[in-house]
Amino acid sequence: MANFYSDNPSLKHHLHHPLMRRIVELRERSFSEAEKYDYAPFSYDDAIDSYQQTLEIAGEVLGEVVAPNAEEVDHTGPTLTNNRVSYAPGTVENLKAATQAGLMGLSMPRRFGGMNFPMTVFIMASDMVARADAGFCTIWALQDCAETIYEFGSEEQRAKFIPRMCAGETMSMDLTEPDAGSDLQSVMLKATPDEANGCWRLNGVKRFITNGDSDIHLVLARSEEGTKDGRGLSMFIYDKRDGGVNVRRIENKMGIKGSPTCELTFKNAPAQLCGDRRLGLIKYVMSLMNGARLGIMAQGVGISEAAYREALSYAKDRKQFGKAIIEFPAVYEMVANIKARLDATRAILYETSRFVDMYKTLEDIQKERALTAEEKDELKKYKRLADAFTPLGKAFATEFANQNAYDCIQVHGGSGFMKDYACERLYRDVRITNIYEGTTQLQVVAAIRHVTTGTYLAQMREYQTVEVGAELEPLKARLARLIEVYERLVPTVADTKDQEFIDFHSRRLMDCAGYITLACLTLTDAARNADFRASAEVITGIAESKVREIEAFIDGFEREKLEYYK
């Protein structure tokens, strides 16, 4: 039987990262719920065992149900009848199987019907779901919207909506509009208070809404009359049971076809204010988007995993000139590069999720009691690192996933262009990942602050303090030299104080930070587990090539050359 957890030792490696002990102890409040809930862990080892058992169940559902349905779901897709969406039969089966297996509400507190698992475990499940079917992942993973209700909603809203999601109801985040894509300050969907009925009324149009006919929606709308910027926007919860929202159309997309991407019309739709007025974009969407970006990182890694397995399997089976094509250097180098990019992006995915776990859990504890001085320092540290690593990881996980799907088709040759092979679907599915929830170019905008303020440099130096063993010391030394190059290049650009010049080179500086960070993380994985040695060697070589290329470009670039790009 196929099991997407037990057949992938990399997942267990990351689950047993040293920081997980601290995360679990904080998350479980020193295991204080063990007496109240019979499924709550009583120790760290018990918690890890519980996570592994759940991931085993998830792996079986994904390997035996979701993955076999992927081709049919991609072919059939959702349909629209009388302004309502019907999922493909395979998607209905997938959701039923996931719900019955207890895979909804993994990260929600037990008092709302959840499992209280760390975000890292939820992201691990997302990684596997995306490997099985990236389209289904965009439906299943949107349960993470419940985090926003838990974090910012009232206790009444938490009690009303979170248990429903844990029981299998679906969610969506309704942000984008025809004239407001990445520029969410331009959102104009109108929210008007209806004091007589104790609610708000929503009117307008939303576009490109993933899983747009979901049961529970988080909606960004303009609540302040006469405003035109982000300070006039608030967040609302809309319940499909209350009516007032119709699906005008389902978009005809290149990939992730099992997930309905919808255009919605709101006509006096009743909704509840979530949190405080005017903070919809400034606070709540920023938090929501960071969570979504972490989810898209997992989607990219899951697709990379599928691409690697498809490429390796085909290269071993396909024979040309009397031998398997995996024996040809041109092919085995491609496959090795796919594997290295996969291992490196999985490393930054779980590094980021651990940072998120640490600061989110400490923020939650802060609502219950005052933090100790040590905990305050931890909160500050991990919140900064999560803020820095989320855009970096989202950019690299999705760009690398696109390259991996591309190379997977190349390994297949002409066969990869045919729908007979899964790599054709992977290639279509992956293309959206470096676009939605913020394009790679927008991730550069988010990341560059951490380039210029030294967040990435400080973390690189932290990785350099890790003991790696004599056999890995040469790799560590090579990375030290790349860090020196990066440390020199940042002020070379930033000290010009020329904003246009800095903006022009921002992508290159972020790329430097990313390639070095990925190589550092893969090296630390290799120090803990020899299985990552090959990927550490390969990704370090890729990093050296890219960083030296960027160094030559920046050193040889003159301000006047900007004119050629305009």
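**Notes on the model**

1. Ile-209 has Cys-262 of strand β9 as its opposite residue, and β5 (199-210) and β9 (residues 261-274) pair in the antiparallel sense over 8 bridges; strands here are DSSP runs (E, at least two residues), helices are DSSP runs (H or I, at least four), both numbered from the N terminus, and two strands count as paired if DSSP finds at least two bridges between them. This is a predicted model, in which local features need pLDDT of at least 70 and side-chain atom pairs count only at pLDDT 80 or more, while totals for chains, interfaces and linings use all residues. Residues are numbered from 1 along each chain as its sequence is written, and side-chain values use heavy atoms, with hydrogens and water left out.

2. With β8 (245-250) it runs antiparallel over 5 bridges, where Val-247 has Leu-264 of β9 as its bridge partner. Strand β9 is mostly covered, since 10 of its 14 residues are buried, where buried means under 20% relative accessible area, exposed over 50%, and partly exposed in between (1.4 Å probe, protein chains only).

3. Strand β7 (residues 233-239) is largely enclosed by the rest of the structure, because 7 of its 7 residues are buried. Leu-233, Met-235, Ile-237 and Asp-239 point one way from the strand, whereas Ser-234, Phe-236 and Tyr-238 point the other way, and all are buried. Strand β6 (residues 216-222) pairs with β7 over 7 bridges in the antiparallel sense, with Ile-216 standing opposite Asp-239.

4. Met-235, found in strand β7, is buried with a relative accessible area of 0%. Leaving aside residues up to four places away in sequence, the residues that Met-235 touches (contact means heavy atoms within 4.5 Å) include Leu-218, Val-219 and Leu-220, as well as Gln-272, Leu-273 and Cys-274. Its contacts also include Gly-280, Tyr-284, Val-285 and Leu-288. By contrast, the C-alpha atoms of Met-235 and Leu-312, 77 residues apart along the chain, are separated by 46 Å.

5. Helix α8 (residues 155-166) has 12 residues and reaches 16 Å from its first C-alpha to its last, close to the 16 Å expected at 1.5 Å a residue, the expected span being 1.5 Å times one less than the number of residues. Its buried residues are Gln-157, Arg-158, Phe-161, Ile-162, Arg-164, Met-165 and Cys-166, and what covers them includes α7 (146-152), β3 (171-174), β6, β7 and β9. Just after α8, Gly-168 takes a positive phi of about 120°.

6. Which two residues, one of them in the loop between β5 and β6, form a pair that links distant parts of the chain? The side chains of Asp-213 and Lys-240 meet in a salt bridge (3.4 Å, N to O), a salt bridge being a side-chain nitrogen of Lys or Arg within 4 Å of a carboxyl oxygen of Asp or Glu. Asp-213 lies in the loop between β5 and β6 and Lys-240 in the loop between β7 and β8, 27 residues apart. Asp-213 is buried at 9% relative accessible area, whereas Lys-240 is partly exposed at 28%. By this rule the count comes to 49 salt bridges.

7. Asp-343 and Lys-339 form a salt bridge in which the closest N and O atoms are 2.7 Å apart, and both residues lie in helix α10 (residues 329-366), 4 residues apart, about one turn of the helix. Asp-343 is buried, at 1% relative accessibility, while Lys-339 counts as partly exposed at 23%.

8. Arg-449 and Asp-387 meet through their side chains in a salt bridge (2.4 Å, N to O). This pair links distant parts of the chain, with Arg-449 in helix α13 (residues 440-452) and Asp-387 in helix α11, 62 residues apart. Arg-449 is partly exposed at 46% relative accessibility, and Asp-387 is partly exposed at 29%. Elsewhere, salt bridges that share partners join Asp-7, Asp-127, Arg-131, Glu-305, Arg-309 and Arg-346 into one network.
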